[in-house]
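Good morning, and thank you for coming.

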Amino acid sequence: MDFAETPEQGLLRETVGSIARRFGQDYVREKVRNGQKTTELWDALASEGYLGVNLPEQYGGGGLGITELTIVCEELAAAGCPLLLLVVSPAISGSIIARFGTDEQKRRWLPGIAAGTQKMVFAITEPGAGSNSHRISTVAERNSAGYKLRGQKYYISGVDEAEHVLVVARTGTDDRTGRGRLSLFAVPTDSPGLERQHIPLKPIGPEQQFTLFFDGVELPADHLIGTEGDGLKQVFYGLNPERITGAGLSLGAGRLALEKAAKYANEREVWGVPIGAHQGLAHPLAKCKIELELAKLMTYKAAWLYDNGLDAGEATNMANYSAAEAAIACVDQAIQVHGGNGIADEYGLADMWWGVRLARTAPVSREMILNFVAQTSLGLPRSY
């Protein structure tokens with residue numbers, strides 16, 4: 001076993017961190033409050049080639065893996081600059097196209113995704129399906145020109161910033177099981193018949209959420225990604241990177257919260273000593289640190305398994321679960337350490353709460369992860 005990062009990975013971590021710290025949490029908070037995008041940060045990372053480190057070199061990427069993209073995500077979040085579009089564009093969409101796209105599709109879309117000049121977001125969630133992807137009702141019907149897309153998607157991130165959205169749609173039904181046969185389509189966001197509706201949320205980041213309506217969107221046949229009807233398997237090739245890089249964002253947020261808490265506990269004095277000298281504050285912070293490091297081990301184990309072509313499903317789910325829980329605990333304890341200042345705007349902790357709390361629900365809920373572990377790892381009967 002070797003738990004040491006390579007020199008290249010260490011340099012990547014250091015360099016991305018230094019770029020992110022030039023911007024910092026205050027930069028992101030100001031952008032979010034003014035309804036603006038973090039374009040300057042995105043462009044700074046793009047100029048150094050850090051947005052597509054996981055994508056193949058022949059298409060402009062770094063030729064590395066999800067491990068390296070997770071490092072990028074973690075260091076950005078640790079500096080207070082989490083970028084959700086790194087998860088949905090290079091991690092999900094980029095991974096799927098690199099694996100299942102034709103040579104022409106790779107040449108068409110991967111260079112832009114790798115360079116950050118184009119973004120491709122991902123649409124699977126529907127109001128009536130939730131976590132049950134087999135009940136997806138968005139339909140792509142084949143016709144002489146290609147496909148016609150009808151349906152609705154819900155809570156789709158960053159559509160207003162993207163040139164394409166990778167849509168999961170039903171293209172048939174399995175006669176034996178009755179489940180939908182799913183396929184993947186790259187849909188231009190300016191397509192006639194595609195409308196979006198903004199979903200107002202608590203401010204957790206610069207990326208906005210949308211409901212999408214597909215009303216007879218016409219797609220040429222070459223916008224089908226991979227094999228028609230085999231989309232569910234292809235989707236999970238992208239969802240594992242989503243969960244790993246999402247865990248990286250949680251790890252970074254937890255680090256930032258602990259850094260703030262430790263600094264405050266060292267500087268704030270009551271009864272003549274720093275409050276961090278009291279075990280009532282020191283021990284909970286130490287517990288958070290332990291849980292965060294354990295989550296980090298699982299996250300990078302999952303990334304290693306994925307990058308080496310091994311079965312990463314169990315580790316990926318455990319990484320997502322443990323990193324989310326650790327980040328929530330870190331932010332919550334940091335707020336507690338700060339007392340009333342924990343909700344003061346000056347300290348930037350209250351703004352972090354909604355972001356880390358979301359990680360318990362998305363991209364996959366804690367309950368569905370527990371279902372997966374119970375059924376797959378422990379062999380227990382399905383409850384649904």
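Predicted model: local features only at pLDDT ≥ 70, side-chain atom pairs only at ≥ 80, totals over all residues.

Just after helix H2, Gly-49 has a positive phi of about 80°. Helices here are DSSP runs of H or I with at least four residues, strands are runs of E with at least two, and both are numbered from the N terminus. Residues are numbered from 1 along each chain as its sequence is written, and side-chain values use heavy atoms, with hydrogens and water left out.

Let us remain with H2, which spans residues 39-47. Which of its residues are buried? They are Leu-41, Trp-42, Ala-44, Leu-45 and Ala-46. Buried means under 20% relative accessible area, exposed means over 50%, and partly exposed lies in between, with a 1.4 Å probe and protein chains only. The cover over these buried residues includes helix H1 (7-33), H3, helix H4 (84-100) and helix H5 (103-115).

Leu-45 brings us to the nonpolar core. In soluble globular proteins, nonpolar side chains tend to be buried together. A nonpolar core is a set of buried Ala, Val, Leu, Ile, Met, Phe, Trp, Tyr and Cys residues joined through side-chain atoms within 4.5 Å. The largest one here has 109 residues, of which Leu-45, Leu-76, Leu-86, Phe-122, Leu-149 and Val-187 touch the most other members. H6 supplies the largest share of this core, 13 residues. Leaving out residues up to four places away in sequence, Val-187 touches several others, among them Leu-149, Phe-214 and Leu-219; contact means heavy atoms within 4.5 Å.

Next, a pair of helices. Two packed helices are described by the angle between their axes and the distance between the axes. Helix H3 (residues 66-78) packs with helix H7 (residues 279-307) at an angle of about 145°, and their axes are 8 Å apart. The axes are lines fitted to C-alpha atoms, for helices over the stretch in contact, and the angles run from 0 to 180 degrees between N-to-C directions. On the H3 side the contact includes Ile-66, Ile-71 and Glu-74, and on the H7 side it includes Lys-296, Trp-304 and Tyr-306. The contact residues of H3 with H7 divide into 6 nonpolar, 3 polar and 4 charged. In that division, Ala, Val, Leu, Ile, Met, Phe, Trp, Tyr, Cys and Pro are nonpolar, Asp, Glu, Lys and Arg are charged, and the others, Gly among them, are polar.

Tyr-306 also belongs to a cluster in which ring pairs link it with Phe-100 and Tyr-237. Rings of Phe, Tyr and Trp (its six-membered ring) pair if their centres lie within 6.5 Å; planes under 30 degrees apart are stacked, over 60 edge-to-face, and the rest tilted. Arg-99 lies over the face of Tyr-237, at 5.9 Å from the ring centre. A charge sits over a ring if NZ of Lys or CZ of Arg is within 6 Å of the ring centre and within 35 degrees of the ring normal. Likewise, Arg-108 lies over the face of Trp-109, at 4.5 Å from the ring centre.

How many aromatic pairs does a search of the whole structure find? It finds 6. One of them, Tyr-264 with Tyr-347, is edge-to-face, with 5.6 Å centre to centre and 90° between the planes. Tyr-264 lies in helix H6 (residues 231-267) and Tyr-347 in the loop between helix H8 (313-337) and helix H9 (350-358), so the pair ties together parts that are 83 residues apart in sequence. Tyr-264 is buried at 11% relative accessible area, whereas Tyr-347 is partly exposed at 22%.

The loop between H8 and H9 also holds Leu-349, which is buried, with a relative accessible area of 0%. Apart from neighbours within four places in sequence, its contacts include Ala-257, Val-331 and His-338.

I close with backbone geometry. Most residues other than glycine have a negative phi, and most peptide bonds are trans. Tyr-155, although not a glycine, has a positive phi of about 55°; it is found in strand S3 (residues 146-157). Trp-271 is also not a glycine and has a positive phi of about 55°, and it is exposed at 77% relative accessibility. Finally, the peptide bond from Ala-362 to Pro-363 is cis, with omega near 10°.
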